[in-house]
Amino acid sequence: VSQSRYGRQAMIVEESKKFKNSSLTPAPNMDLTQTALLPQSELEDQSIIDEESKKFKNSSLTPVLIICPTSVLGNWQREVAKFAPDLRVYTHYGSKRVKDSEFIERIAEYDVVLTTYSHAQIDQNTLKRVVWRILALDEAQNIKNALAKQSEAIRDFDALHRVALTGTPIENRLTELWSIMDFVNPDYLGSLGYFKRLWGIVTGK
């Protein structure tokens with residue numbers, strides 16, 4: 001069903017408020033303009049965030065973490081600056097990026113942290129020290145292989161809300177959908193073994 005740009009954006013925000021770890025994979029035609037608006041809209045409802053954050057240690061002031069492919073990192077910087085200019089954005093990328101305690105101190109000054117899938121895996125021990133306000137994956141099919149180290153690292157991050165943005169939740173096999181859904185709502189579809197046994201019988205594969 002076709003939806004307006006702001007209609008789909010509103011859907012993401014409302015759905016993400018319903019769950020501690022929001023279960024949501026947006027519409028396939030979600031574009032970068034709409035995803036860039038997500039952090040601003042979610043941050044506007046401070047009362048909901050504050051209430052949820054009481055359930056997590058050291059999370060009341062943590063920023064949004066957006067993980068995206070390297071190829072669109074610059075696009076995210078430009079789009080957030082254009083549509084949410086009041087948000088302070090920190091880009092965690094490059095050989096000179098800070099880590100560990102220095103990283104924790106640095107992000108306290110920002111509303112949004114941008115990084116890439118490869119850096120999220122490499123720096124997983126640093127990033128997992130934070131309970132993120134929102135953890136959003138752009139092009140979430142990058143975690144389609146549930147057993148890949150990159151996927152395992154990202155699923156291990158803590159967040160008040162989780163959002164997966166993808167136009168191709170399934171490219172080759174049904175387990176790719178499981179991997180994305182297990183990120184946004186862990187255990188919702190059962191274990192990977194259970195999921196494969198159940199749907200392997202149904203599909204005959």
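## Salt bridges, a buried aspartate and a nonpolar patch

E171 counts as partly exposed, at 40% relative accessibility. The model is predicted. E171 pairs with K144 in a salt bridge, with the closest N and O atoms 2.6 Å apart. This pair ties together distant parts of the chain: K144 lies in the loop between β4 (131-138) and α8 (149-155), while E171 lies in the loop between β5 and α9 (175-184), 27 residues apart. K144 is partly exposed too, at 26% relative accessibility.

**Other salt bridges**

The count of salt bridges comes to seven. R88 and D111 form one of them, with 3.2 Å between the closest N and O atoms. Here too, distant parts of the chain are linked: R88 sits in the loop between α4 (73-83) and β2 (89-91), D111 in the loop between α5 (100-107) and β3 (112-116), and 23 residues separate them. D111 is buried, because its relative accessible area of 16% falls under the 20% cut-off.

E102 and R106 make a salt bridge with closest N and O atoms 3.7 Å apart. Both lie in helix α5, four residues apart, or about one turn of the helix.

Accessibility values for residues of these two pairs are as follows.

| Residue | Relative accessible area | Class |
|---|---|---|
| R88 | 43% | partly exposed |
| D111 | 16% | buried |
| E102 | 45% | partly exposed |
| R106 | 29% | partly exposed |

Where is D123 found? D123 lies in the loop between α6 (117-122) and α7 (124-127). D123 is buried, with a relative accessible area of 2%. Leaving out residues up to four places away in sequence, D123 touches H92, R97 and K99. Shared partners also matter here. K144 is partly exposed, at 26% relative accessibility, and bridges to E171 in a pair linking parts of the chain 27 residues apart. Elsewhere, salt bridges that share partners join R97, K99 and D123 into one network.

L165 belongs to strand β5 (residues 158-165). At 5% relative accessibility, L165 counts as buried. L165 and A136 are 29 residues apart in sequence, and their C-alpha atoms are 7.5 Å apart in space.

L198 is placed in helix α10 (residues 192-203). L198 counts as partly exposed, at 36% relative accessibility. Which residues make the nonpolar surface patch? I170, L174, Y194, L198 and W199 make the patch, which covers about 420 Å². L198 can take part because its 36% relative accessibility passes the 30% cut-off for patch residues.

Key. Residues are numbered from 1 along each chain as its sequence is written. This is a predicted model: local features need pLDDT of at least 70, side-chain atom pairs count only at pLDDT 80 or more; totals for chains, interfaces and linings use all residues. Side-chain values use heavy atoms; hydrogens and water are left out. Patches are made of residues with over 30% relative accessible area and no salt bridge: like charges are joined within 9 Å, nonpolar side chains (Val, Leu, Ile, Met, Phe, Trp, Tyr) within 5 Å. Accessible areas come from the Shrake-Rupley method with a 1.4 Å probe; for residues, only the protein chains shown count as cover. A salt bridge is a side-chain nitrogen of Lys or Arg within 4 Å of a carboxyl oxygen of Asp or Glu. Helices (H or I, at least four residues) and strands (E, at least two) are DSSP runs, numbered from the N terminus. Buried means under 20% relative accessible area, exposed over 50%, partly exposed in between (1.4 Å probe, protein chains only). Contact means heavy atoms within 4.5 Å.
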